[in-house]
Every structure is written in C-alpha cells, then in structure tokens.
Amino acid sequence: MGYYKGIYKKKFKDGSICIMARFNHDGIAYSVKNLTKLYGIKTEKKGFEKLGEIRNLLSQGIDPFVSSDGTLNDLFYKKVEINEKNKVWAPSTIKSRLYFYNKHIKTSLGKMKIEKIKYEDIMKIIDKFTINQPDMKNQIIDALRPIFKEQMKKGVLLKNVMDDIPKYYRSKKKIDISERTHHSHTDIVRRLYKAIEEYDQAHAENIEQHKMFLYMLLLTAHRFGELNSLEKKHCDLKRKLIIAPKEITKTNRDYHYPIPDEVYEYIENHEGGKLFNVPRGGTAGRIFHRILVKAKIETINDYSLSMHDTRRLMTSIMVSKLNIDSRLADYCLEHKEQKTIKHYLEFTYEDKVRAYKKYWNYVRGKTESENIIQEKVINSSNEQPSNLEKLKELISMLENKYITQEQFEYERNNLYN
C-alpha cells in the first residue's frame, strides 16, 4: 500500500498504470476497484478523495458501482417515450428535442454509458457554439440534465457532472445591429427583399411557403411564433387584413395589420389551415441563415443577425428614414403601450396601414418621388387628378434641380391647402 490507505498503483501488461482501491466498509470487504477505469482517476490523492465519496454513498445505502441500463441513447429515447405517453412534453417540444439530440449529441455521447460521460465530454459539445448562441448551449443542458439527475437518484452516478454546468445567458446589453455588421439598415432590408425572390434552398414543395414566410417576417416584422401560427381563417382577403387572435399573440390581445401584396395571392390560393410550417429551432434558423447568405450580408466576428432583428430594422427605418412617429412604429410592432400613452394616445388602423405601406415602398427600393405620390394617394382617395399631375411635375422639377427643396415644399403645400 502507498501513502493513501486503501489506494495503490498497478501496472498492467499493456504498460498502463491505474489507480486501484481495496477497502472494507461496515464489515463488508469489497472487491478491488479500478478507479482509473471507473472514474478516470489519475493520481493516488484523487483516488483517496474518490474513495471517501464512495464510502459516503455506501453509508447512505447507495451502491455507487451500479451500472446504468443501456447507453445515453437508450436513456434519452426512453425519457422521450415516457414524457410523450404522460403528456409531460408538448408534441412541438418532443420534435425539437429529438432533432437537437440527434444532430448535436447522439454522435458524440450516444453510445456511452452515462457513468462514463465526463464534464469535459459535455463541454466539448457546448463549446462548439459561440458566446452569442446561449440558447443552443442551453438546449444541450435541457436535454441531458433530467437524465443525469434521475440516474443520480438511482445511485448510478457518484457525481452529477451537470451540476457543474450553469445555464447560459445573453449579455444584458443588447448589441446594436450596427455593431454586428457593416451593412446599413437600408442595405440589409433591401438585400433581404431581393434575395427572397431567389430563395431555392429547400425541397421543391416547401420553397414557396418559405418565401412567403420570409416576406411576412421582413415586411410585417411580427414575431416568429405568431406568424407560424397564422391560419387562413385569420385573413380578411377582401380588406387585405390579418386579424391575429389573442390566443397566438405574446401580449394576449388581437392584432390587426395589412397583408403585403407579395403574400396576398399565396394566402388567397391556400387550401386552409396553417399558412406556414416552419418549426422553431433547426428549420427556422436554417431558412433565415440561408437568406442572409443569399443576400450576402456579412457580420463582424462571430456575431449574427436573427429573425427578431427584422423588428429592430423596421422600427429604426420607420423613425430615422421615413419620419414616422416612434409611437406609431411601436404600434405597428404591437408593443404594449406605457400606461399614460395608452390612455391619452390612440392611433387608428388607417395610421398603421399608412406607416406599413410607406415602409414597404422603402424596402422595395421605390424612389422618393414614388413614395411621395403614393403617400398622397393613400392620404386622400378623392384626390383631384389635376393636383396629382401638378405634384408629379413639381417632383420632376425638384429632381432636375429646377427648383429648391424649399420651393418644392412651398408649392406642394399650396396644392393641398
């Protein structure tokens, strides 16, 4: 025996040296245990510490040498089956968990016994994702932690390595889009818009619905979950209006917003039911990544743009480029109003339509002249043709620098006063 009681080194025929333990506990003599093989122990000191843990578990009536039933794959799929049978997980949760496990965990750890899996093994998978992908890292933790916890209770594990892996959180500071890419907001939305028409990286039967989903995401800037839950019955085709019911909205209230022209025909010809089938996680992330690549939008370092950024892009452009009231821009995004504003400021649906159409024209790359004309048409459907002609002439004179901006505004105001 060496310096540590019950612990010694043993050299095997293949030249390997292992840390061994021979001990008695509560009058029972246990067979020699190879701590290196069982727990990866490499020094006698660590072996002595592990032996202390083993004795402690034995005193609690837990057999630390019990082997788990099958591999991690067996444990995971059995967990899914039980949770599905008992309706612990929703179908969407089961689908996303299976997809993530099969893609990111199965190959590396699936064939290993759970007691053989080390902290370092799990961290190798987690570290494949960047600091800006905490949700992906947390999916690994959410998939493995319940299994490890259960096996710990059964006495299969001496230590739950998942306890040493904390949840990951995004920085409280929101990183501005301008810090993540050198492209301007205008350049991003116009590149995305043009790229959607060229989208072709999906099964043939899915290409059209993916394109329509991307148009809705870019042009309405509504949340992913809501858009993916929309059904044809939520669309008033006669008024080109979407009425998203409170059951699918984040703020638990109905949303009304216009249908973009790009999507109208798709909705009109849809057979009914859900308009889109773009599951959160793998599918949705891949679709958005593909369109970013197609649009040749480059990011700085390992930063990325997300579907949620379409909301930031629209708000920023509405306020800074189109001079739309910031509160109206918020109204388009269906943010909850502050209490004071809620009681004393109310925008109409027509205000929202005007703001959206102004934004859509901008995204489509229409000229300032076309925007001015369309805004006037929207503001007054009874506009006299003669005034429209005069407005077009004034715009032409401004563009050709025959008159100044000040003269243009003066003459334009006279037309409508």
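Leaving aside the neighbours within four places in sequence, leucine 35 is in contact with Ile7, Ile19, Ala21, Gly40, Ile41, Gly47 and Ile54. These contacts, like everything described here, are read from a predicted model. Leucine 35 belongs to helix α1, which covers residues 35-39, and because its relative accessibility is 0%, while buried means under 20%, leucine 35 counts as buried. Phenylalanine 48 lies 13 residues away from leucine 35 along the chain, and the C-alpha atoms of the two residues are separated by 9.8 Å.

Further along the chain there is a sheet to consider. In general, the strands of a sheet pair through backbone hydrogen bonds, and the pairing may be parallel or antiparallel. Here 3 strands form an open sheet in the order β6-β7-β8, with antiparallel pairing. The edges are taken by β6 (235-236) and β8 (255-258), each of which has a single partner strand, so one side of each is left without a neighbour in the sheet. Strand β7, made of residues 241-244, pairs with β8 in the antiparallel sense over 4 bridges, and leucine 241 stands opposite proline 258 in β8. Helix α17 (residues 349-363) packs on this sheet, where it touches β7 and β8, and the direction of α17 makes about 45 degrees with that of β8.

| Helix pair | Residues | Angle | Axis separation |
|---|---|---|---|
| α9 and α10 | 185-197 and 204-220 | roughly 165 degrees | within 9 Å |
| α14 and α15 | 309-320 and 326-333 | about 150 degrees | 9 Å |

In the pair α9 and α10, the axes cross at roughly 165 degrees, and since angles over 145 degrees count as roughly antiparallel, the two helices are therefore roughly antiparallel to each other. The crossing of α9 past α10 is left-handed. On the α9 side the meeting residues are Val189, Leu192, Tyr193, Ile196 and Glu197, and on the α10 side they are Lys211, Leu214, Tyr215, Leu218 and Leu219. By type, the residues of this contact comprise 8 nonpolar, no polar and 2 charged.

For α14 and α15, the packing angle is about 150 degrees, which makes α14 roughly antiparallel to α15, and their crossing is right-handed. Helix α14 contributes Arg311, Met314, Thr315, Met318 and Val319 to the contact, while α15 contributes Ser326, Ala329, Cys332 and Leu333. The residues of the contact between α14 and α15 divide into 6 nonpolar, 2 polar and 1 charged.

Key. Residues numbered from 1 in each chain as written. Predicted model: local features only at pLDDT ≥ 70, side-chain atom pairs only at ≥ 80, totals over all residues. Heavy atoms only, no water. Axes fitted to C-alpha atoms, helices over the stretch in contact; angles between N-to-C directions. Parallel < 35°, antiparallel > 145°, perpendicular 65-115°, else oblique. Left-handed = near helix turned anticlockwise from the far one by under 90°. Contact = heavy atoms within 4.5 Å. Nonpolar A, V, L, I, M, F, W, Y, C, P; charged D, E, K, R; others polar. Buried < 20%, exposed > 50% of the residue type's maximum accessible area, 1.4 Å probe, protein only. Pairing = 2+ DSSP bridges.
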